[in-house]
Amino acid sequence: MSTTAPEHHAPYAYVDPYAVDTTDGYWPSPANPYLDTDYLLAPPNPAERLSYTIDPRDRHRLDLHAALTAAGIPPHPEDRDAIDHLSSLPAGINATLQRWLHHTA
């Protein structure tokens with residue numbers, strides 16, 4: 001080992017932090033080596049699904065947002081009133097709007 005002299009003039013030995021002797025048993029082995037292993041999740045059980053119903057107006061609004069974004073026309077915050085009025089229209093008109101937007105993309 002070589003010694004170095006820091007600014008306060010106390011001699012210290014250079015220690016290599018990567019030179020570790022693992023034969024002395026200093027590093028404990030993990031308690032359960034298989035605890036961190038990756039595994040596949042079980043398939044979902046349809047009986048345990050949450051049953052939420054979405055109001056048709058909200059569903060039309062979400063579909064219209066998705067259709068506009070997919071067509072390359074992301075809605076701006078100031079477009080909210082127009083989207084709310086369009087989503088209150090009947091389902092047939094909303095489907096026609098989405099079809100038109102789908103064909104523009």
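Which residues in helix 1 meet which residues in helix 2? That was what I wanted to know when I opened this one, which is a predicted model.

**Entry 1: the overall layout**

I started with the chain as a whole. I count three helices and two strands in the protein chain, and along the sequence they come in the pattern β-β-α-α-α. Buried residues make up 10% of the 105 residues. I also looked at contacts between residues at least 6 apart in sequence, and 46% of them join residues at least 24 apart.

**Entry 2: helix 1 on its own**

Helix 1 covers residues 56-70. I checked its length: at 1.5 Å a residue, its 15 residues should span 21 Å, and the end C-alpha atoms are 21 Å apart, so the two agree.

**Entry 3: helix 1 against helix 2**

Back to my opening question. From helix 1, the residues are Arg 57, His 60, Arg 61, Leu 64, His 65 and Leu 68, and in helix 2 they meet Ile 83, Asp 84, Leu 86 and Ser 87. For the geometry, I looked up the angle and the axis distance: helix 1 and helix 2 pack at about 125°, with their axes 8 Å apart. That makes helix 1 oblique to helix 2. I have the crossing of this pair down as right-handed.

**Entry 4: helix 1 against helix 3**

Where do the axes of helix 1 and helix 3 stand relative to each other? They come within 9 Å and cross at roughly 10°. An angle under 35 degrees counts as roughly parallel, and helix 1 and helix 3 are therefore roughly parallel to each other. The crossing of helix 1 past helix 3 is left-handed. On the helix 1 side I listed His 60, Asp 63, Leu 64, Ala 67 and Leu 68, which meet Ala 91, Asn 94, Gln 98 and Leu 101 in helix 3.

**Entry 5: helix 3 on its own**

I ran the length check on helix 3 too. It has 14 residues and reaches 20 Å from its first C-alpha to its last, close to the 20 Å expected at 1.5 Å a residue. Its buried residues are Asn 94, Leu 97 and Leu 101. They cover an arc of only 60° around the axis, which puts them on the same side of helix 3. On the other side of helix 3 I find Trp 100, His 102 and His 103, and these are exposed. The buried residues of helix 3 pack against helix 1 and helix 2.

**Entry 6: two residues up close**

Is His 60 buried or exposed? His 60 has a relative accessible area of 14%, so I put it down as buried. It lies in helix 1. Skipping residues up to four places away in sequence, I see His 60 touching Ser 87, Leu 89, Pro 90, Ala 91, Asn 94 and Gln 98. I looked up one distance here: His 60 and Pro 90 are 30 residues apart along the chain, and their C-alpha atoms are separated by 9.2 Å.

Then I turned to Asn 94, which sits in helix 3. Its relative accessibility is 1%, so Asn 94 counts as buried. With its neighbours within four places in sequence left aside, I have Asn 94 in contact with His 60, Leu 86 and Ser 87.

Notes
Residues numbered from 1 in each chain as written. Predicted model: local features only at pLDDT ≥ 70, side-chain atom pairs only at ≥ 80, totals over all residues. Heavy atoms only, no water. Helix = DSSP H or I, 4+ residues; strand = E, 2+ residues; numbered from the N terminus. Expected span 1.5 Å × (residues − 1). Axes fitted to C-alpha atoms, helices over the stretch in contact; angles between N-to-C directions. Parallel < 35°, antiparallel > 145°, perpendicular 65-115°, else oblique. Left-handed = near helix turned anticlockwise from the far one by under 90°. Contact = heavy atoms within 4.5 Å. Buried < 20%, exposed > 50% of the residue type's maximum accessible area, 1.4 Å probe, protein only. Arc of directions from axis to C-beta.
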